[in-house]
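Here is a friendly briefing to read alongside the model. Keep the viewer open and follow the topics one by one.

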Amino acid sequence: MMGLRGVLVVSALYVSTVCSAQEPNTALKDDLSLAKSNQALAQELWVKNRDACMTRDTSVLAEVMRSANKQLHAQKALAASAYPGCRQMLSDVLFINGGCYTGKLSQGELDRSRTNWEKDSAACSTQIENPSASSADSEVQSEAEWEAQQRREGASEDDIKTMKAIRAL
């Protein structure tokens with residue numbers, strides 16, 4: 001009887017080890033898939049938003065906002081991603097979308113959003129190409145550190161307030 005119990009315990013340990021070893025790999029693949037989905041959607045919405053902003057088509061602007069928010073809200077409960085640049089691209093779309101929708105987008109805000117878009121697009125692509133490097137390099141920034149970084153990069157207090165509201169979504 002002891003021999004059977006020992007075999008069952010060893011079998012159970014082996015199965016749990018094998019199953020748990022596969023979960024991180026599966027989670028990483030799911031995270032990569034989500035990152036690519038965020039990137040593709042953000043690129044599509046960026047173009048739609050730009051065109052709708054130029055023609056002041058508020059129905060398309062509202063559709064862009066709904067699509068980006070839907071994607072972000074679906075991810076709200078997820079743990080930190082190894083691909084934050086891809087998620088940030090959706091926030092970039094929402095930032096410029098809000099300015100276009102209200103018609104209160106200054107040239108400085110437009111320039112800043114383009115700079116952020118280019119930076120986040122490049123970061124997303126880099127993170128997708130080399131996910132291990134992005135997760136090793138990423139460090140959690142406090143809110144104060146993030147605000148200080150935004151000020152160094154030329155953001156106004158109003159810009160920071162708006163970006164904080166978007167980040168809180």
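Leaving aside neighbours within four places in sequence, R112 is in contact (heavy atoms within 4.5 Å) with Q150, E153, A155, D159 and M163. This is a predicted model, where local features need pLDDT of at least 70 and side-chain atom pairs count only at pLDDT 80 or more, while totals for chains, interfaces and linings use all residues. Residues are numbered from 1 along each chain as its sequence is written, and side-chain values use heavy atoms, with hydrogens and water left out.

- R112 is found in helix α4; helices (H or I, at least four residues) and strands (E, at least two) are DSSP runs, numbered from the N terminus.
- With a relative accessible area of 10%, R112 is buried; here buried means under 20% relative accessible area, exposed over 50%, and partly exposed in between (1.4 Å probe, protein chains only).
- The side chains of R112 and Q150 make a polar contact at 2.4 Å. Such a contact is a pair of N or O atoms within 3.5 Å; within protein, one must be able to donate a hydrogen and the other to accept it, and residues adjacent in sequence count only if both atoms are side-chain atoms.

**Helix α6**

- Q150 is also one of the buried residues of helix α6 (residues 143–152), together with W146 and E147.
- Seen down the axis of α6, these buried residues fall within an arc of 100°, so they line one face of the helix; the arc is that of the directions from the helix axis to the C-beta atoms.
- An α-helix has 3.6 residues a turn, so residues three or four places apart point the same way.
- The buried residues of α6 pack against α4 (107–129) and α7 (157–167).
- On the face turned away from the buried side of α6 sit the exposed residues A144 and R152.
- After α6 comes G154, which has a positive phi near 95°.

**Nonpolar cores**

- The largest nonpolar core has 23 residues, and L45, L90 and V93 have the most contacts inside it. A nonpolar core is a set of buried Ala, Val, Leu, Ile, Met, Phe, Trp, Tyr and Cys residues joined through side-chain atoms within 4.5 Å.
- Two or more residues of this core come from each of α1 (2–55), α2 (58–74), α3 (84–102) and α4.
- The biggest share is that of α3, which gives 7 residues to this core.
- Not counting residues up to four places away in sequence, L90 touches N38, L41, A42, L45, A68, Q71 and L72.

**Disulfides**

- The count comes to 2 disulfides, each being a pair of cysteine sulfur atoms within 2.5 Å.
- The link of C53 and C100 is left-handed, with -90° about the S-S bond.
- This pair links distant parts of the chain, since C53 is in helix α1 and C100 in helix α3, 47 residues apart.
- C53 is partly exposed at 23% relative accessible area, whereas C100 counts as buried at 3%.
- C86 and C124 form a disulfide with their sulfur atoms 1.9 Å apart.
- The torsion about the S-S bond of C86 and C124 is about 90°, so this disulfide is right-handed.
- C86 lies in helix α3 and C124 in helix α4, so the pair ties together parts that are 38 residues apart in sequence.
- C86 is buried at a relative accessible area of 0%, and C124 is buried at 0% too.
- With the bonded cysteines numbered in sequence order, the pairing is 1-3, 2-4.

**The loop between α1 and α2**

- R56 has its place in the loop between α1 and α2.
- Phi of R56 is near 55°, a positive value in a residue other than glycine.
- R56 counts as partly exposed, at 42% relative accessibility.

**The chain as a whole**

- The secondary structure comes to 7 helices and 0 strands.
- Of the 169 residues, 31% count as buried.
- Among contacts with a separation of 6 or more, 73% are between residues 24 or more positions apart.
- The chain exposes about 10600 Å², of which carbon and sulfur atoms supply 58%; accessible areas come from the Shrake-Rupley method with a 1.4 Å probe, and for residues only the protein chains shown count as cover.
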